[in-house]
Amino acid sequence: MKGVFTKTRALISVLLLAVLTVFVIPQKSDAASYNQDEILYYGIEAHLLDTGSVQFTYTIDWKVLDSKNGGVKWVKIGIPNPNAENFRSLTSDTIKSVKYYSDKGSFARVDFHKEYMAGEVIHFSFGFTQHNLFKKPNSNNPNVKTVNMLNEQDNWDRLYVYDFTPGWFPTIRVDKYEIKWDASKVVKSNEALNGQYYYQSGSLAPNKRASFKVGYPPGAYSFTTKSVAHLGEFLRTNSQIFLGIGFMIFVIFMRIKYGDTYTGHGTHHHYHGGDAPVPAQAAEGPAVRRRISTVPRSRQRGSEKS
């Protein structure tokens with residue numbers, strides 16, 4: 001019995017060391033590779049669906065400036081909030097896969113077919129459906145007919161407002177960006193009308209961001225909210241918690257099966273538990289290179305995502 005319990009304690013010690021390694025040892029930071037890329041073009045096109053959700057198309061030309069520490073295999077692009085779905089590649093020659101990604105915020109993760117090195121430009125485009133981007137009217141009479149709303153264009157409170165800030169790049173310059181928002185049924189915007197779109201363009205210094213605002217009258221669309229669950233991301237981002245829970249279950253099982261004490265050579269031994277160590281915080285700021293990120297913001301939720 002003593003030999004079995006000794007082996008059990010040794011196994012528990014090994015598992016505990018593994019858990020401590022996961023929680024305590026900080027992960028390698030990519031901070032040294034900041035400012036190694038450039039965004040030549042950052043284009044966003046938006047069309048509303050009947051539900052009030054937005055069908056977005058992102059087109060990006062990403063230039064790799066330095067690959068001494070490795071090239072670019074994937075990037076993450078900030079999106080407004082986690083209620084996004086139907087991610088799809090529009091450039092199958094460059095994009096291997098695109099999906100929702102959570103990393104202290106909401107992103108689209110884009111994986112490429114190959115690793116891009118210094119001097120190469122990655123042209124890629126993808127689309128997705130974004131829910132819950134609008135802010136509801138504050139009017140006391142939100143059911144006022146659309147025809148009457150044309151006289152209320154100066155009152156944002158009577159409109160369904162989309163206050164959109166695209167994901168921005170904390171350490172990378174954007175040479176040119178364009179936002180094109182389908183003008184159908186829009187009754188108010190801070191932007192100029194250019195053909196069938198409300199339009200904004202310019203350049204962005206590192207960590208600078210654009211802002212785009214349009215308003216729709218009640219009745220223009222159904223303006224339905226929808227929550228999207230991302231099971232895979234939930235499991236990935238909570239893997240350490242599940243590991244800790246699994247370890248605790250294992251310890252409890254072993255204690256029930258073998259007991260938590262034994263007597264040998266006149267000495268009484270006890271197993272002592274303890275609080276789980278606090279996870280070390282990652283280096284502040286978004287990752288770059290293979291994890292280069294933009295930072296999303298959704299004003300209607302009242303908070304930034306990073």
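Is Phe-169 buried or exposed? Phe-169 is buried, with a relative accessible area of 2%; buried means under 20% relative accessible area, exposed over 50%, and partly exposed in between (1.4 Å probe, protein chains only). Trp-62 is buried as well, at 0%.

A quick word on the background: this is a predicted model, where local features need pLDDT of at least 70 and side-chain atom pairs count only at pLDDT 80 or more, while totals for chains, interfaces and linings use all residues. Residues are numbered from 1 along each chain as its sequence is written, and side-chain values use heavy atoms, leaving out hydrogens and water.

Rings of Phe, Tyr and Trp (its six-membered ring) pair if their centres lie within 6.5 Å; planes under 30 degrees apart are stacked, over 60 edge-to-face, and the rest tilted. That rule gives 24 aromatic pairs. Two of them are shown here:

| Pair | Centre to centre | Angle between planes | Type |
|---|---|---|---|
| Trp-62 and Phe-169 | 5.9 Å | 70 degrees | edge-to-face |
| Phe-87 and Phe-128 | 5.2 Å | 15 degrees | stacked |

Trp-62 belongs to strand E2 (residues 54–64), and Phe-169 to the loop between strands E9 (160–168) and E10 (174–182), 107 residues apart. Strands here are DSSP runs of at least two residues (E), numbered from the N terminus. Phe-87 is in strand E4 and Phe-128 in strand E7, so their pair ties together parts 41 residues apart in sequence. Phe-87 and Phe-128 are both buried, too.

Methods:
Helices (H or I, at least four residues) and strands (E, at least two) are DSSP runs, numbered from the N terminus.
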